[in-house]
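Student: I would like to learn how to read helix packing and a chain interface from a model. Can we work through one case?

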Amino acid sequence: MMHKPVTASEKSKPMADLTKCRDILAKCTSATSADLIPILQQIQDAYGYLPQNVLEEITARVRIPLSKIYGVITFYSQFSLEPRGKHTIKVCVGTACHIKGAPDIKKKITEVLHIQEGETTKDYKFTYEPVACLGTCFLAPVMMVNERYYGKLTTEKTEQILKSY
Amino acid sequence: MKNLKTPDDLDIYKKSLEAKRRTDTTRIFICATGCKALGAEEVCRAFKDEIAKQSLAGKIEIIETGCQGLCTRAPVLTIEPLGIFYGRVTETDVPEIISRTIQKGENIDRLCYSEAGKRIPYVRDIPFYSKQKKIVLKNCGSINPRNIDEYILRDGYAAFAKVLTDMTPDKVVNEIKNSGLRGRGGAGYPTGLKWESVRKAHGDIKYVVCNGDEGDPGAFMDRAVLEGDPHAVIEGMLIGAYAIGAKKGFIYVRAEYPIAVEHLKIAIEQARNLGLLGENILGTSFSFDLEIKMGAGAFVCGEETALIASIEGKRGMPRPRPPYPATSGIWGKPTNINNVETFANVPVIFLNGSGWYKTIGTESSKGTKIFALAGNVKNTGLVEVPMGTTLREIVYDIGGGIPGRKKFKAAQMGGPSGGCVPAQHLDLPIDYETVKAVGAIMGSGGLIVMDDSTSMVEIARYFMEFCQDESCGKCVPCRIGTKRMLDILTRITQGQGKQEDIKLLKELAEVTKTASLCGLGQTAANPVLSTIQYFSDEYEEAIHKKETQTSQHNPPKPE
């Protein structure tokens, strides 16, 4: 499991608007610790990541210490404490994709976007992350940009797709 | 939609649906799940537009289904009652399909499945389908999963109604025990025994959980079942809940499966509206309801104690067993956890009887198994075969063999917990025991075919990288054992191997296997051990070649 330490830049980040967070929390009035993950998932959907001041709001409302919330966030790869790019590229690194050339696709993405796995481009256009398996092995090698699948990739095709965004 | 008040109401409702059903239409079943990635939505839209344009509304019906299995031909469709199967269909083919195939009864050659240069238009003649036995997947690909009526028309919820009226919970447990059904999530524990221990466990509150955290790379059986026939899983859970005495259930689904979550939400809502979920179901004293829990991206959550921690809102880390979830699960209450495919097997056992079910499969493993066939094989897709089918039948008869002029080298079974089965075991009848005997595991059903261009040391390294990344870090043997094995394997693949590496790998594998806390660590070394067992020459070669390799390859990456 990758741990995502809070960086120094985290502290200087602008405060996120709390309206969306309050709307989400208003819907779970009797929230218990079992609701923490669903709440975080909704927050991440709404903000694109988990801003620190929003997390502070949650801890006050659901009465779970911030340290515990942080523990949960850093355990699951879906959650991000950093702002993410406009588009998320998920490259499948499952077995079928691996034997059909996923390593070359990964190399190409790094080459074109100048970022490594788990990073976001400087202009916040793309966040690039590998995913264990998209469960669409017949499309191998495959990647998803946001909700859209791109299958039977080649390095040329990958470059074209990235440039189309 | 009306609320069903008695078990008989279900039958009356089904008959009313049958009466309304038109029999004179041509039905086109289009996969609208997996095939979406290659343009199924556009094809659906084109059909609907064309039907409107030509005023064919009463004559042609479009049914958006789940996976039809032959994913390699995506987007696929089946035309009934003609029994024609078309693949790689695009929007531009639509007018021709209507004018030639539906109106004139002609086949369009370019869209037909072909094998050895022969075009095979009919589903019944395509070996991929004719060699399978669909019990669990019987509805998958032939009903609209977003409409409960279509499930009911296929005897849906009839098994549950029968259980509710005619059987005591003990009788239900016995029927499952007698069927010989074993857990399809990988370990193969007898489902009846599990149900019995949860039934006997003390406590007023009990839970039923469906494990849909299908995380093995290369496995997509559960995704297909949840997307294509969600009600079968819900019905299986209802029967399980009745047997053990649970009022509440959870379905834990991977976050990477948005369509499965959507279809489940619709299915649960429709079942509630009909009175098949909720208080006093079908007018009886039995109450049960379901909640969907979405995973957040952690492979280890497929392990049952980790899954429980995740449902409780904690870091998904496993804990030692005992106590088993059967006595102490969610919030310390007795909890029954079964896999998606296991639950989907339940309704059919009660519809046809355990005696019938037992006739399928082998001595120790009853029923069928769904495999996700992928990798270097012609027909990538979803297949369901009786237990005891040989690997050769799956790879060659159903899978169509290896593409190009390459040769079969091994089949990777059971994902990162499994192993590589080499060519010498192609005629092995597959069941839980035989697969284990050759160093792999049945696992959830991922089956990746590898041709002779695949490096087995690299495959072992790949799986170890996966396990190391997903190791939750709680126990030392798994956290450090996987890391050290990965270091060695990486070194070997980069031409830095040492003579003693094989011995060291075996030793580390043994320790990690025996001392790890949960299944992840206990099985993480399987891919290494099985590749060393069958392909030790490749390891030797990689180690000995180091001189030449170092000059060819880039230097190892710094950590």
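Tutor: Start with a helix pair. This is a predicted model, and in it helix α6 (residues 158-166) of chain B packs against helix α13 (residues 340-352) of chain B at an angle of about 65 degrees, the axes being 8 Å apart.

Student: What describes two packed helices in general?

Tutor: The angle between their axes and the distance between the axes. Here, the crossing of α6(B) and α13(B) is also left-handed.

Student: Which residues of α6(B) and α13(B) meet?

Tutor: From α6(B) come A158(B), A159(B), K162(B) and V163(B), and α13(B) brings P347(B), F350(B) and L351(B). Sorted by class, this contact has six nonpolar residues, no polar ones and one charged.

Student: Now the interface. How many residues does each chain put into the contact?

Tutor: Chain A gives 36 residues and chain B gives 53 residues. The area buried between chain A and chain B is about 3,300 Å², with 60% of it on carbon and sulfur atoms.

Student: Which helices of chain A supply the side that touches chain B?

Tutor: α3 (36-47), α5 (66-75) and α6 (95-99) of chain A each supply at least two residues of that side. The residues on the side of chain A that touches chain B comprise 21 nonpolar, 12 polar and three charged.

How values were computed: Residues are numbered from 1 along each chain as its sequence is written. Chains are lettered from A and ligands numbered from 1 in the order in which they are written. This is a predicted model: local features need pLDDT of at least 70, side-chain atom pairs count only at pLDDT 80 or more; totals for chains, interfaces and linings use all residues. Side-chain values use heavy atoms; hydrogens and water are left out. Contact means heavy atoms within 4.5 Å. Buried area is the accessible area (1.4 Å probe) that two parts lose on being put together, summed over both. Helices (H or I, at least four residues) and strands (E, at least two) are DSSP runs, numbered from the N terminus. Ala, Val, Leu, Ile, Met, Phe, Trp, Tyr, Cys and Pro count as nonpolar, Asp, Glu, Lys and Arg as charged, and the others, Gly among them, as polar. Axes are lines fitted to C-alpha atoms, for helices over the stretch in contact, and angles run from 0 to 180 degrees between N-to-C directions. A crossing is left-handed if the near helix is turned anticlockwise from the far one by less than a right angle, and right-handed if clockwise.
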